[in-house]
Amino acid sequence: PERLRLEKLVWYRILRREFFRPSFGQAHRRVRPAGFSFEKYLSRCMEDFVVELIEIPPPTMCFIFASLCLGEPIMGFSEERLRFLLMIVQVAMLAFQRLLIAYMDNIFDWCMPDIYPTVWDLTPKGYDIGRTKPKYLARPLLRNDGTLSVWFRGTSSPTKHESLFIGWKRGKRYLSFAIQNLLFFQAVFVSVNLQVNRAIFDIADNPYYVEFSVFVVTEIAMWYFLWPKMIFVYTVITATGQMKNEANIEETCNRIASEQLHKYSKLLDELYTRAAIHSIQEMREEDERNYQVWYQSKLADFHNLPTEDSDEILSSFETFDKSGNAMIDEAELKMCLRGQGFTCDDSVIESWFDGVFAKQPGEGAELSRDDFCVLMVILKDLRQVVDDGDFTEWFEDVMDRSGDASIGVEEFMSQLPEVCALLKIDRPYLLELFKRIKNSEDEDEVIEEVGITTFVNWINRLVAQQDNISFGG
């Protein structure tokens with residue numbers, strides 16, 4: 001079992017390497033090792049194939065009905081002859097399935113390098129893990145302009161990968177059709193066998209123990225051993241190499257983007273919040289008049305909100321204003337923000353009070369009703385407050401302690417300890433994040449720091465993905 005596991009692991013890495021760095025032609029524009037999951041792509045392709053097997057298209061339905069109609073006279077056979085015939089059909093289906101697997105194994109072998117590990121020899125002489133060139137690339141290009149041949153094969157000049165299939169471009173469809181019909185016929189014959197042999201499991205009184213044994217052995221072999229192998233090999237030979245599934249690549253990319261957005265959305269909110277506080281504090285320190293103009297513009301934005309939204313904000317303020325003096329303190333604001341799903345870290349709360357809404361810069365104070373309304377307007381859309389320049393300035397002033405226009409893992413953890421504690425961010429988390437931000441081509445590369453501009457661009461891409469999902473894109 002261990003050798004089988006190692007064999008499949010090596011096969012997986014060979015196929016994955018060829019998928020990302022094809023030996024012939026250019027790599028897919030959206031496929032990068034750091035941001036694309038080959039495993040999820042294959043899983044998606046396998047899911048589609050399983051769904052395809054379960055669904056019954058009209059051609060398959062017609063073929064099955066015609067076959068059953070032709071087999072109707074068989075039902076007039078005597079019980080003994082019918083049992084024997086069912087046994088023969090069962091063995092024939094097993095042989096046909098094994099023939100299909102041998103056909104697909106041959107294609108799989110052509111998709112691998114000339115020399116690659118097997119369960120019998122995991123370290124063959126001359127094997128180079130860095131070379132994954134498929135054997136089919138050494139085949140000559142084929143061409144056939146015959147009208148009937150083009151109709152049957154779907155093309156007159158297949159790719160070298162397509163030429164491995166009997167039907168060239170349509171070979172995948174023909175193979176799927178054969179597998180699908182085998183599945184349905186096998187299901188039908190299992191039902192017929194169980195109906196004919198209603199007492200088949202009563203072995204002591206069953207005179208047809210030979211037929212019973214053949215039935216059980218073939219069913220176990222087909223369902224438990226051969227079908228998983230068939231589905232796996234079919235997925236590999238029809239979704240890798242020069243037969244990549246573009247629709248599933250796009251679907252996998254979108255799914256990964258959605259997962260990244262979900263994973264990093266809270267981090268994004270934390271970064272936006274701190275950048276907004278820094279930007280407002282800088283504005284107030286530089287020119288109090290500009291700050292007051294900005295403050296009045298945000299207050300006007302609040303009054304321009306729909307009545308339902310503005311009433312909800314005022315109702316929240318009144319709910320947490322326990323003293324009834326039209327002011328709320330830090331503890332009350334923290335409870336209010338937590339109730340509405342906003343960040344409620346102590347350092348952020350203090351920054352809103354001391355640096356943004358203090359009556360005099362540097363002096364803590366309670367928040368008035370107007371202050372609270374302005375804060376809610378800011379929090380509901382931080383992107384209207386923070387632009388690329390504000391983000392870059394915040395990164396340079398707060399995060400980049402070395403002054404090299406980049407952010408390192410240690411700098412991030414030392415300058416944002418509250419964020420790391422709140423979101424459980426550790427060194428492995430940041431190494432993975434930096435690798436995604438830089439979109440590294442080398443899956444084994446360890447990236448300790450990223451440029452500030454690169455970090456800001458990644459934030460913009462993530463925000464664009466969030467907007468795309470929000471608007472149903």
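The following exercises, with worked solutions, concern a predicted model of one protein chain.

In this predicted model, local features need pLDDT of at least 70 and side-chain atom pairs count only at pLDDT 80 or more, while totals for chains, interfaces and linings use all residues. Residues are numbered from 1 along each chain as its sequence is written, and side-chain values use heavy atoms, with hydrogens and water left out.

**Exercise 1.** State what percentage of the chain's residues count as buried.

*Solution.* Step 1: buried means under 20% relative accessible area, exposed over 50%, and partly exposed in between (1.4 Å probe, protein chains only). Step 2: the chain has 473 residues, of which 41% count as buried.

**Exercise 2.** Determine whether W151 is buried or exposed, and locate it.

*Solution.* Step 1: W151 has a relative accessible area of 57%, and therefore it is exposed. Step 2: W151 lies in helix α5, residues 147–153; helices (H or I, at least four residues) and strands (E, at least two) are DSSP runs, numbered from the N terminus.

**Exercise 3.** Classify E47 by its accessibility and name its helix.

*Solution.* Step 1: E47 counts as partly exposed because its relative accessibility is 39%. Step 2: E47 belongs to helix α2, which spans residues 38–54.

**Exercise 4.** Find the share of contacts that joins residues 24 or more positions apart.

*Solution.* Step 1: a contact means heavy atoms within 4.5 Å. Step 2: contacts in the chain with a separation of 6 or more are considered, and residues 24 or more positions apart account for 69% of them.
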